[in-house]
Amino acid sequence: MKIRSIALFTGAAVIGLVATASAVSLAFLPDSVQVSRSAVVNASPEQVFAQLNSTAGFHRMNPFLDAYTDVKITRSGPEQGVGAVYAWDGGGSQGSQTIVRVEPNKRIEMQLDLGVQGRPLQTFVIEPAADGSKVSWIMDAKFGFNPIGRIIGQTLDGNLGPIYQQGLAKLNTSLSSASNATPLAINN
C-alpha cells in the first residue's frame with residue numbers, strides 16, 4: 001500500500017511539473033520565431049531569382065543535403081514558380097516546400113510542410129548590392145498554444161542559422177561557377 005501511495009504521489013508530481021512547464025512556456029515564451037541570415041553573392045538579382053525560383057536550382061544550394069546522403073528528393077508540379085514542390089524523405093526527416101508567391105527578381109516565398117513539426121514560411125529576399133545581390137534567407141514559424149514548439153523555437157536560430165549560412169555560401173558558389181567569384185560576406 002505504501003508503494004502505491006508513493007507511485008501515485010510521484011505520478012501527480014510529474015503531471016504537476018509538466019503542467020507548470022506548459023503554463024510557464026505559454027505565458028513567457030513567444031508564440032513565433034524568425035531565423036534570418038543574409039549574404040552578398042556575386043550575381044545579379046535576375047540570376048539569383050532564376051536559381052531560387054526553381055526546384056533544381058534550390059537543390060544545387062540545399063545545405064541540408066550535405067549532412068544526409070540518404071535523402072530521397074521528389075520534385076513535382078511546375079519546375080519553377082508558384083506551385084513548384086520540392087519534397088524530401090530521409091535523414092530522420094520528411095517534408096516538402098512549395099513555392100506559394102513570387103515577386104520576380106525580388107522575393108520567393110515557400111510554404112514548408114514538416115508534418116507535426118509545423119508549417120513555417122520560408123522566404124528569400126533579393127536586393128541589388130554593389131558587389132552583386134544581397135540575399136536574405138528567412139524562416140518564420142508560428143507555434144500558437146504549443147508549449148513544446150515554443151520551447152524548441154528558442155533553439156532554432158542557433159540550430160538553423162549556421163545551416164542557412166552554409167546554404168548561402170553554396171548559392172554563391174553555384175551562381176559564380178561560370179564567373180570569377182568574390183569572397184562571400186555573411187551577415188547574421
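Colleague: Which residue forms a salt bridge with K170?

Modeller: D66 does; the closest N and O atoms of the pair are 3.1 Å apart. Keep in mind that this is a predicted model.

Colleague: What is the general idea behind such a pair?

Modeller: Side chains of opposite charge can pair when their charged atoms come close. The cut-off here is within 4 Å, nitrogen to carboxyl oxygen.

Colleague: Which parts does the pair of K170 and D66 tie together?

Modeller: K170 lies in helix α6, residues 156-176. D66 lies in helix α4, residues 64-67. So the pair ties together parts that are 104 residues apart in sequence.

Colleague: Now accessibility. How do I read it for K170 and D66?

Modeller: Buried means under 20% relative accessible area, and exposed means over 50%. K170 has 22%, so K170 counts as partly exposed. D66 has 43% and is partly exposed.

Colleague: How many salt bridges are there by this rule?

Modeller: Five. One of them joins the side chains of R107 and E109, at 2.9 Å from N to O.

Colleague: Is E109 buried or exposed?

Modeller: E109 is buried, at 10% relative accessibility. R107 is partly exposed, at 26%.

Colleague: Which residues are linked with R107 and E109 in a network of salt bridges?

Modeller: R101 and E103.

Colleague: And what is the N to O distance between R119 and D113?

Modeller: The closest N and O atoms of that salt bridge are 3.6 Å apart. R119 is exposed, with a relative accessible area of 54%. D113, at 31%, counts as partly exposed.

Conventions. Residues numbered from 1 in each chain as written. Predicted model: local features only at pLDDT ≥ 70, side-chain atom pairs only at ≥ 80, totals over all residues. Heavy atoms only, no water. Helix = DSSP H or I, 4+ residues; strand = E, 2+ residues; numbered from the N terminus. Buried < 20%, exposed > 50% of the residue type's maximum accessible area, 1.4 Å probe, protein only.
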